[in-house]
Amino acid sequence: MKVRIKKKKIKFFSEITVIIPLIIAMAILSRTLPDGDLRLDIGKSRVGEKAIALTFDDGPGGCTEELLDGLKELDVQASFFVIGEKAEKHPEIVKRAYKEGHLIGNHTYSHVRLPFVGYRTAKEEINKTSEIIEEITGSRPLFFRAPYGDVSAIQLKQLDAFFINWSVSTYDWNDKDADYIYERIMKKAADGEIILLHDTKKPTVEAVLRAIPELQEQGYEFVRVDDLLTRNGDKLKMGVQYRKCEHEKGAVVF
């Protein structure tokens, strides 16, 4: 009898060692499968055939107000992915940008690199920033950009957000020369592009405000990233990173 009980125990534990990893794997897989219900239907935006989205990360900063002055004068809307701790320090800048029609997006609270933190930390970074933005503007942000554009495949499905990446980087984070940044914008400008910039850098502000009028003369309009992505009637979904959207073509994801 004792031998039989021992054998049953061995069999039971051997089955458990197989079942538990299977349950964990299924749980992870369930979060990584696309969820067709997580869609955002904004409606088709009125965007022309030559449109570009200027997106600014890491602010608000010392140059943001100068940029806002220029954008207002040029009648241009842009998208600002703000850092929560900076928004706390400069709520008046965030509020101004929102009131002037710019999109305010979430860029985490402390610019944390998501793949190097756990789910709980990532969620807290995003939720805390969303709460700060909502308190300042009265509207909870729908769009999120991961610092460095760096997010794991599992996090894309775990974190409830509409992820925005970019199709053109000006490398202004690495180069302080306004002429280089300006040339990069002019060279890479094309319909449907989402351009990555930083409103924390004065050379960037100088280059952008120089490039906009010249591109406007070429027939380009500058729109918020949400308007660009929905120009063709796309229903945006969570779990992917959007990077561009050309006229009469679907929004491009990674």
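Cysteine 245 counts as buried, at 0% relative accessibility; buried means under 20% relative accessible area, exposed over 50%, and partly exposed in between (1.4 Å probe, protein chains only). This is a predicted model, in which local features need pLDDT of at least 70, side-chain atom pairs count only at pLDDT 80 or more, and totals for chains, interfaces and linings use all residues. Residues are numbered from 1 along each chain as its sequence is written, and side-chain values use heavy atoms, with hydrogens and water left out.

**Confidence**

- The chain has a mean pLDDT of 88, with 84% of its residues at 70 or more; pLDDT is the predictor's confidence in each residue, from 0 to 100.
- Residues 12-16 have pLDDT below 50, and this stretch makes one contact in the model beyond near neighbours in sequence, a contact being heavy atoms within 4.5 Å.
- Residues 18-37 also have pLDDT below 50, and eight contacts beyond near neighbours in sequence are found for that stretch.

**Overall architecture**

- Nine helices and twelve strands make up the secondary structure assigned to the chain; helices (H or I, at least four residues) and strands (E, at least two) are DSSP runs, numbered from the N terminus.
- Of the chain's 254 residues, 46% are buried.
- Among contacts with a separation of 6 or more, 74% are between residues 24 or more positions apart.

**Cysteines**

- Cysteine 63 is buried as well, with a relative accessible area of 12%.
- The structure contains zero disulfides, the criterion being a pair of cysteine sulfur atoms within 2.5 Å.

**Threonine 64**

- Threonine 64 lies in helix 2, which spans residues 64-74.
- The relative accessible area of threonine 64 is 2%, so this residue is classed as buried.
- Its side chain forms a polar contact of 2.7 Å with the side chain of aspartate 199; such a contact is a pair of N or O atoms within 3.5 Å, where within protein one must be able to donate a hydrogen and the other to accept it, and residues adjacent in sequence count only if both atoms are side-chain atoms.
- Leaving aside residues up to four places away in sequence, threonine 64 touches Phe80, Ile93 and Asp199.

**Helix 8**

- The buried residues of helix 8 include Thr204, Val208, Ala211 and Leu215.
- An α-helix has 3.6 residues a turn, so residues three or four places apart point the same way.
- Cover for the buried residues of helix 8 includes strand 2 (51-57), helix 2, helix 7 (178-188), strand 8 (194-198) and strand 9 (221-222).
- Just after helix 8, glycine 219 adopts a positive phi of about 100°.
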